[in-house]
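Please look over the sequence and the model below before reading on. The paragraphs after it are meant to be read with the structure in view.

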Amino acid sequence: MNPIKMVDLKGQYEKINKEIDENISQVIDSTAFINGPKVKDFQTHLENYLNVKHVIPCANGTDALQVSLMALGLQAGDEVITSPFTFIATAEVVGLLGINCKFVDVEWDTFNIDVTQLEKAITPKTKAIIPVHLFGQSCQMETIMQIAKKHALFVIEDACQAIGADFIYTNGEKKKVGTIGDIGCTSFFPSKNLGCYGDGGAIFTNDDEIARKLRGICNHGMFKQYHHELLGVNSRLDAIQAAVLDVKLQHLDEYNAARRKAAEFYNKMFENHPKIEIPTLSAFSTHVFHQYTLKLKNANREEIIEKMKEAEVPVMVYYPIPLHLQEAFQYLGYQKGDFPIAEKLCESVISLPIHTELTEEQQQYIGKHLIG
């Protein structure tokens with residue numbers, strides 16, 4: 001049995017190395033390293049895959065979120081509502097821009113923002129909602145969009161962990177996550193379902209004017225060479241990363257299917273275990289399992305992590321501290337107990353290896369040491 005990894009990028013590369021190497025060589029031969037043809041090709045192919053009007057490639061997922069807030073004209077003193085149970089980037093960019101970050105607790109079952117608590121968090125200062133499609137499954141976007149429309153709020157989808165997942169409306173219509181709100185954001189960090197070999201990200205929108213602003217802000221606020229209408233940033237997806245992503249995009253549905261298959265295998269192993277709660281699948285979303293995250297019941301997580309380490313099985317805790325209790329956000333004034341579900345999840349969750357190259361033999365070994 002091969003060594004078990006949280007993400008096996010080498011194994012994945014070995015299956016597509018000829019395509020990857022050829023695409024990278026074309027970039028080097030062309031010397032078009034910034035905003036070259038490969039970036040535009042990937043942009044077009046991703047627009048087609050997502051069925052979205054505009055894809056704006058950028059340097060990383062964090063930039064995607066920050067540029068989105070800038071393009072919507074949010075200013076210091078405005079409020080943005082998001083989840084306290086996610087990676088810090090979602091709220092970090094809000095704080096960096098001087099905007100007030102307001103948290104709403106999450107659902108125990110799905111890890112995603114609890115839409116039943118969303119409306120009561122809205123104030124006259126609220127300007128936007130950032131729902132996070134955590135671990136690969138969509139938030140309840142139909143309800144979120146109804147609330148946003150009622151209160152005239154923008155919606156920026158954080159789809160950094162869920163590219164390729166579908167939201168299913170009550171009428172049966174499907175849309176890719178990241179294409180439902182005013183703006184969607186994703187990350188191409190190497191471990192993502194669609195990951196490059198460095199940093200990368202993209203922003204999605206169907207709004208022409210928002211798309212124009214997003215492109216300009218990513219390029220120093222420049223819409224015409226050396227004419228700067230806005231204060232912007234320098235955030236571009238380099239052509240070599242686009243060359244990698246353009247190949248991997250062709251395999252994305254296959255990769256997501258492989259992750260779902262691995263998740264189903266795990267579920268069968270753990271579904272009746274008294275100390276493990278397997279992931280809940282929403283009726284309104286497909287799941288692409290960027291992470292396979294369990295909830296432990298009446299179990300010592302640190303002992304389990306140590307036992308898995310001894311068995312050479314990598315596991316992770318995403319995330320050990322909710323955002324409202326992070327030192328960086330103490331200025332917001334939140335206290336322990338403000339968001340009890342997020343806090344309990346941080347004490348209970350553990351994520352197992354899941355990726356496109358994971359074998360059933362490896363999963364059986366993982367399961368044996370986790371529940372043995």
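What follows is a walk through a few parts of this predicted model.

Strands of a sheet pair through backbone hydrogen bonds, and the pairing can be parallel or antiparallel.

Two facing pairs can be picked out here: Leu-294 is opposite Ile-350 of S14, and Thr-293 is opposite Ser-351 of S14.

How do the side chains of S13 lie? In a regular strand, side chains alternate between the two faces of the sheet. In S13, Tyr-292, Leu-294 and Leu-296 point one way, while Thr-293 and Lys-295 point the other way. How many residues of S13 are buried? The count is 5 of its 5 residues, and the strand is mostly covered.

The next element to find is helix H8. The crossing of H8 and H11 is right-handed. From H8, the residues that take part in this contact are Lys-261, Ala-262, Phe-265, Tyr-266, Met-269 and Phe-270. On the H11 side they meet Glu-360, Gln-363, Gln-364, Ile-366, Gly-367, Leu-370 and Ile-371. Sorted by class, the contact between H8 and H11 holds 8 nonpolar, 3 polar and 2 charged residues. An α-helix has 3.6 residues a turn, so residues three or four places apart point the same way.

Is Asn-256 buried or exposed? Its relative accessible area is 1%, under the 20% cut-off, so Asn-256 counts as buried. Leaving aside residues up to four places away in sequence, Asn-256 touches Ile-163, Gly-164, Asn-193 and Val-288. With Ile-163 there is also a polar contact: the backbone oxygen of Ile-163 lies 3.4 Å from a polar atom of the Asn-256 side chain. Ile-321 is 65 residues from Asn-256 along the chain, and the C-alpha atoms of the two are separated by 28 Å.

The last stop is helix H6, residues 208-218, where the buried residues are Ile-210, Ala-211, Leu-214, Gly-216, Ile-217 and Cys-218. What covers them? The cover includes strand S1 (54-58), helix H3 (61-71), strand S8 (183-187), strand S9 (201-205) and strand S10 (222-224). At the start of H6, a side-chain oxygen of Asp-207 comes to within 3.0 Å of the backbone nitrogen of Glu-209. After the helix comes His-220, which has a positive phi, near 60°.

Methods:
Residues numbered from 1 in each chain as written. Predicted model: local features only at pLDDT ≥ 70, side-chain atom pairs only at ≥ 80, totals over all residues. Heavy atoms only, no water. Left-handed = near helix turned anticlockwise from the far one by under 90°. Helix = DSSP H or I, 4+ residues; strand = E, 2+ residues; numbered from the N terminus. Contact = heavy atoms within 4.5 Å. Nonpolar A, V, L, I, M, F, W, Y, C, P; charged D, E, K, R; others polar. Pairing = 2+ DSSP bridges. Buried < 20%, exposed > 50% of the residue type's maximum accessible area, 1.4 Å probe, protein only. Polar contact = N/O pair within 3.5 Å; in protein donor to acceptor, adjacent residues only side chain to side chain.
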